[in-house]
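Please work through the following exercises with the sequence and the model side by side.

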Amino acid sequence: MSKYVIACIESDVEILDSLYNKIARIVDSDYIIESYINAEQALIGCYNYIIAGNEILITIIGSDTSGMKIDDFIIELHKNSPNTKNILFKEVTTVESLERIINEASIYQMIPKRFDRVDFELIILEAIKQNAQERRLKDYQKVLESAVEKRTKELNDINVKLEILATTDSLSGVKNRRSFYESSAPMLKYTRRENKKLAVLMIDIDKFKMINDIYGHSVGDDVIRLMAQKTKDTLRNSDIFGRLGGEEFAAVLPNTSQRGALKAAENIRFEIENLEYRTAKDERIKFTVSVGVALLHSNDPDLDTLLHRADLALYDAKRAGRNRVILSKDDENIED
């Protein structure tokens with residue numbers, strides 16, 4: 001357990017003994033009273049106590065015949081023990097020394113060397129009391145800061161969770177419709193401004209109603225989750241992917257040409273075709289997707305226009321037999 005150190009510095013041994021005896025009568029075993037005949041010795045001793053985990057509570061500084069000035073001692077000690085209460089004898093300092101101490105450290109009190117002129121014991125007890133109050137305040141501040149930090153983290157976690165809930169489709173785990181549109185709008189503006197290419201995919205699970213009718217909606221939900229995760233894993237990190245509703249999904253592919261969009265769509269179709277879902281009854285379900293592809297035109301007013309062309313291409317894929325990728329008719333003659 002750490003102790004509280006009271007360091008007395010005085011070259012006159014009789015005064016030093018008097019200081020020790022007066023302090024020893026009013027403190028208990030939690031306090032260590034140390035006597036030093038000069039400031040150099042005291043500084044080394046105080047540093048050793050600090051290293052050992054103790055606190056320099058009070059210094060009482062009298063006459064010193066060593067080479068270290070009183071103001072140098074107090075300023076150096078202050079660097080490692082800023083809360084120490086420094087009590088100085090009036091006779092041992094100068095105006096210049098006081099100015100340095102006040103500007104760079106601190107003084108608790110200045111007292112005369114004649115102890116009969118002051119209630120020395122009361123001064124020491126008041127210094128101990130003030131130090132204890134400061135420690136309690138510091139401990140309270142630590143507890144308060146810890147509570148505030150904990151609460152701030154909790155609120156941040158809640159905000160993150162709320163943001164996820166607000167932007168994520170609860171069933172599939174990918175972006176919901178609102179988040180998909182909000183994320184895509186800036187991408188379209190950037191693509192137009194930089195005169196780059198962009199493609200959109202509309203993706204729909206083939207014969208999904210049949211899966212629900214035969215195996216139940218719980219299995220249908222699992223199929224949606226499986227398809228969404230596989231599609232997300234197949235796309236690039238820079239692509240924007242979301243569920244628009246039901247079994248219908250869309251993806252925005254920035255910096256993507258016609259050839260790149262068709263390849264990305266084909267990769268998704270191929271990966272889904274090779275998936276297999278097993279029910280709790282060990283029934284094996286294979287399913288496929290159809291994909292419509294459309295490219296951004298310079299005169300497209302908004303995302304909905306682009307999605308509409310991709311949606312028409314998706315229905316062409318359904319009418320052509322499903323499990324296939326179809327490019328929008330409006331983009332068939334566009335050079336890659």
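Predicted model: local features only at pLDDT ≥ 70, side-chain atom pairs only at ≥ 80, totals over all residues.

Residues are numbered from 1 along each chain as its sequence is written, and side-chain values use heavy atoms, with hydrogens and water left out.

**Exercise 1.** Determine whether Leu188 is buried or exposed, and find which residues Leu188 touches.

*Solution.* Begin with the location: Leu188 lies in helix H6, residues 177–193 (helices are DSSP runs of H or I with at least four residues, strands runs of E with at least two, numbered from the N terminus). Next, Leu188 counts as buried because its relative accessibility is 4%, where buried means under 20% relative accessible area, exposed over 50% and partly exposed in between, with a 1.4 Å probe and protein chains only. Finally, leaving out residues up to four places away in sequence, Leu188 touches Leu198, Asp302 and Leu303 (contact means heavy atoms within 4.5 Å).

**Exercise 2.** Work out the strand order of the open sheet and identify its edge strands.

*Solution.* The 5 strands follow the order S7-S8-S6-S11-S12, with mixed pairing; two strands pair if DSSP finds at least two bridges between them. The edges are S7 (240–245) and S12 (325–327), each pairing on one side only. Strand S11 (residues 289–295) pairs with S12 in the parallel sense over 3 bridges, and Gly292 has Ile326 in S12 as its bridge partner. Helix H9 (residues 258–273) packs on the sheet, where it touches S6, S8, S11 and S12.

Definitions and conventions. Axes fitted to C-alpha atoms, helices over the stretch in contact; angles between N-to-C directions.
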